[in-house]
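Let's take a walk through this one together, chain by chain. Keep the viewer open as you read.

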Amino acid sequence: MRGHIEEGQRMRKIAKTKVKRKFDKKLLFYIVLMAFPLAQFAVFYVGVNFQSLLMAFQQYDSFETHFYFGNDLLINFKRIGEEIGSLLVMLKNSVIVWFFASFVGTVIAVLFSYYIYKHKRLGIFFKFVLFIPSILPAVLMSSIFQNFVNNIVPVAFDSIRLMDMVETPLDVQFIVAVFYTIWIGFGTQVLLYTGAMEQISPSVIEAAELDGASPFREFWNVVLPSVLPTIGTFLVAGVAGAFLNQVNLFNFFGGSANWSVRTIGYHMFSMSQMKGGEVDYPFLSALGICCTVIAIVPTLLLRRYFAKFEE
Amino acid sequence: MKKILSILVSVVLCMGIAASAGCGGTPSAGEVAGKTNITVATYNGGVGKDWLEDAARAFEEQFAERSFEDGKTGVAVRVEFCEGADMMEEQNLNKDVYFTELFDYYTYVNKNKVADISGVVTTSLEEVGEPGKTIEGKLDQSFVDFLTAKDGNYYAIPFYEGFMGFIYDVDVFAQRGYFFDEDGNFTGDETKRSLGIDGEKSWDDGLPETYSDFQRLVDKIRGDNNITPIIYGSDAVGYFYKALTNWWSNYEGKENMLKNWDFTGTFDIVTGFSGDKPIIGQYTFGTDIASDVRELQKQPGKYYALKFLKEIVCGNANNYESLQYQEAQEAFIASRVPGEHGYAMILDGSWWENEADLYGAFDAVSYIDYNYDPSGADYKHTRRFAFMPIPLVDEVAESLPAGQTHKQTLYSGNDAFCFISSNTTGAKLDVAKLFLKFLHTDEQMSAFTARTSLTRALNYEMGDADLNNMTYFGKSVMEMKQSSDIVYPYSANDYYLRNSSNFVLERWGWTSKVGGGTEDNPFVTFVQDANVTAADYFRGLYEAH
Amino acid sequence: METKKRKRSSARFGVMYGILLGILVLYTLSLIILLFWTLITSLKEPLAYSSAYRQHDLGKLIGFGDMTFSNYAYAFENFIVTINSTGATINIIGMFGNSLIYAVGCALLATFTPCIVSYLCARYHYKFGKFVYTIVLVVMALPVVGSLPSEITMVKNIGLFDSIFGLYILKANFLGIYFLVFFANFKGIPYEYTEAAAIDGASELRIMVQVIFPLASSTILTVFILTFINFWNDYQTPMIYWNSYPVAAYGMWEFNRATAGMTGRVPIKLAGIIIMALPILAVYAVFHNRLAANLSVGGVKG
């Protein structure tokens, strides 16, 4: 913030000494460059979300092919009520995914990162391998994985295929999908945390080591606090992400995964991309609003909690 | 760094230009001088464009001497591929005639993307050599009602249709003795086959007539070595609910089935169960259509279709096996080859043979099939595949008066249509219209079927020469079409038109609430949970809508 | 007493190090085994593979016998997408071309839009900049879910559906974490640079492009590569908004769903996967140090 003020003062000084015409050119430059991004923002963020809000109260007429406000403005929300049984199952699935990805995944990733941070030589190798799954297209990794668990695992362990839409029991499908999603997702997290750890000034670590702090104390008192803001960012983003996470189901099954293994994110995406999907758009928008409302509380709580660790 | 950036910027600019040149195209390029040129585009969803090239050449020849504009004689038709209609709806349509899929008729009509072709549809085809006939006369009433609902005009004509069901290998049935004779015993002798449901010598001879016949057949096949009754594509389990819809239609008959889209009159519903027998009552549409339509979920045909799936197909886990889609087709084709594991039937659509051929499955099998003599006809034409008729519910078969037969009812929900772009004007429009007329003569539609083994969604007769050129399977599809009533899921009912997307099969057909959750594929549900009965799933249909 | 305690906790952590190392090794092994299996299987004779599967013969299924390179040639020639494409089939090269058009263009816009906006906010004193900065923070804090249907409708209404320019515009937004990364970067550059250039009579554009951006070039390039990889790997966005031009990732998804192309057999499919993976692995090999070096992402306050 201070930089901002200083810069302002400097600018005023320069403005005084220079001719006024120069100043106008500057403003013009500023406006020209700002115009497109702002217009883009106005249409594709403000406009889209406003329209989404309106849509939640509309219906679709397939004959006139347009959205309209019917007599019953709450019709889409009533439909949510009617479908609440399966939606709650999907919500539960989303929360399970969120819990495992955000908490279990994070704990393991932070510990991995610490190890890599402390053992630089082996760390380079681990880092290289860990990052491969995030470099390769997710669809490609899941394709390899699916072929493996449907071909090799059944033969090796004389079991059923683990990721077959019909043959595999639904709870197994879900567990395998969640396992796969977390298993594949480590890389990015580890990269983020090792990045944050490397920012710690070496003198702090040295001081801790000179003080004779044990590795555990060093981790707990020095390293962990310094990555907490990063963890916080990750967890906060994870709340909204929970409703977008498709657990790779679209990669595995396309649009036809069984309803009881679906997450909210998968369900909304697969319905949105369906042929003739317009008829469901108002319902999906209403569902989106409900999910946004649900997501706001934990997001704010997590933000408040992690804001403490900054500065 | 700056260099890298500037290279990147120029690369993307070049690409942008390349991309825009790629999609825009210049319709005038490659036109034949001295003739009136039109461009025809078709969607490449397994039908290919060879049939259209053939038709275009025949059309050019027939009208080589006719002048449509000053200083030009004859026509030139260029054939290209186009996208699915859902992708083109915002584009400037710069070709003249389109054959495409995923077509939402009223989106195109409301956006003024399509030309009025009422004249083409309603006037005589005399000009193109078929006096006394019109395209309208070849259309099913459901299409006529739906297409003209806006302002009485036609803006599109249905393209091809697709049927779904069990397809069997005639030779495997003969080798292994899976046909029924007149006494209901199994036989491999094709001359001793029973006359089937229609009671006359035709495509359904020697095949199961009732649910219990089908059960006997499946049990027999399962008891044999090295053969599985049914194979399906593991990534095409959606085919099951399309097949279910056929079984449902066959029970209801055309008139009752159409209630699902025209919402008028009285129809049968299941009011309850006594034991596992449904109690059948009736329901009549009143004024509150929005709530009345739900009653359609109680149509008895739905229950019996589910019963067939649950008790016969899923009655034993060894009845069926899955492979990936094309592997399944290939394995099915290889069934008659000694030493290969056999599959008596495949669950697939009427396009399967054409599709398997495109992917090279017939070629692959021909190398291992020592019965095949490569010096003769090509492999596909030596093979005999055909659709199984849909078996009757036993109660229905029993209640048929002696001597009376049952006509099969099939469902064809396919949003493939052809139309002329509203950008086409003047002489091009005249030629485009004439070309559409030309393509809808019996002769041309017959040629289409001979080429692709697919049928057009109109009524027409096959030419003898075309019939002789067809594969056994192609002939069987055409024979089945001509001896069946076909239900097209369209109507002009206002409630239907305004909510039509809710009545497509994916939404209206088989979504059910079972045990608190929602299911949309009965086959998956029955395999996953052995405790769910056909009646459970059936009751859930009403709950879910 | 104290040393004893320290030793004990140190020993305990030694055990923990051991366990961590064990898990890490297991984890990397699982990845390597999977990738190695992909490589081996892609070299297997397809018929031998499928008969080994049918006979449940694990040795043959994962062993080194029956090797052939023909799967690669086959996959290269026959991996074509027809469904929902422009109609005519498109092969791997064509799909790579589409991927490049999509990924390079979107990555450039998704890099330079936040870069330029944050430059304007960080280095000009107009109050509006603060407003934009606040917008970015607020948008990041608001977990909006489910606006995809509205977005599709909007793109269709504007007439940008199924057009690459539509995708470019859609992705040219300045919101998100990279805005903050760039902002911090530009704030950190001393103002003397700007002043010196201004006194030399350089225009605003020159100052931005020739003085300041080169100073931030490392960040710009890293962001570009990260977004490029993201876009290259993304099939769902082009599947919806640019469906007539299948990108490689979409083609891969199609192959895996086995609804198009000759993919019936696993070895051929895996050979195709390896071909598909090559370009991105090349990018990774060249830039992996840059990616491994971190982009410092701040906390929730930004």
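Helices here are DSSP runs of H or I with at least four residues, strands are runs of E with at least two, and both are numbered from the N terminus. With that in hand, chain B comes to 25 helices and 20 strands. One thing to keep in mind: this is a predicted model, where local features need pLDDT of at least 70 and side-chain atom pairs count only at pLDDT 80 or more, while totals for chains, interfaces and linings use all residues. Residues are numbered from 1 along each chain as its sequence is written, and chains are lettered from A and ligands numbered from 1 in the order in which they are written.

Let's stay with chain B for a moment. Its radius of gyration (taken over C-alpha atoms) is 25 Å, which agrees with the value near 24 Å that a compact globule of 545 residues would have; the globule rule behind that is 2.2 Å times the number of residues to the power 0.38. Its C-alpha atoms fill a box of roughly 75 × 75 × 65 Å along the principal axes. Of the 545 residues, 52% count as buried, meaning that 20 or more other C-beta atoms, placed from the backbone, lie within 10 Å of the residue's own.

Now for chain A, which has twelve helices and two strands. From the N terminus on, the order is α-α-β-β-α-α-α-α-α-α-α-α-α-α. The radius of gyration of chain A is 25 Å, well over the 19 Å that the rule gives for 311 residues, so this chain is more spread out than a compact globule. The box for its C-alpha atoms is roughly 70 × 60 × 30 Å, again along the principal axes. Buried residues make up 43% of the 311 in chain A.

Finally, zoom in on a helix pair in chain C. Helix α5 (residues 92-123) and helix α12 (residues 217-233) of chain C pack at about 140°, with their axes 8 Å apart; axes are lines fitted to C-alpha atoms over the stretch in contact, and angles run from 0 to 180 degrees between N-to-C directions. The contact (C-beta atoms, placed from the backbone, within 7 Å) includes C:Y102, C:A103 and C:A107 of α5(C), along with C:F224, C:F228 and C:W232 of α12(C). By class, the contact between α5(C) and α12(C) has 13 nonpolar, three polar and no charged residues. Nonpolar means Ala, Val, Leu, Ile, Met, Phe, Trp, Tyr, Cys and Pro, charged means Asp, Glu, Lys and Arg, and the others, Gly among them, are polar.

How values were computed. A residue is buried if 20 or more other C-beta atoms lie within 10 Å of its own, exposed if 12 or fewer, and partly exposed in between; C-beta atoms are placed from the backbone. Two residues are in contact if their C-beta atoms, placed from the backbone, lie within 7 Å.
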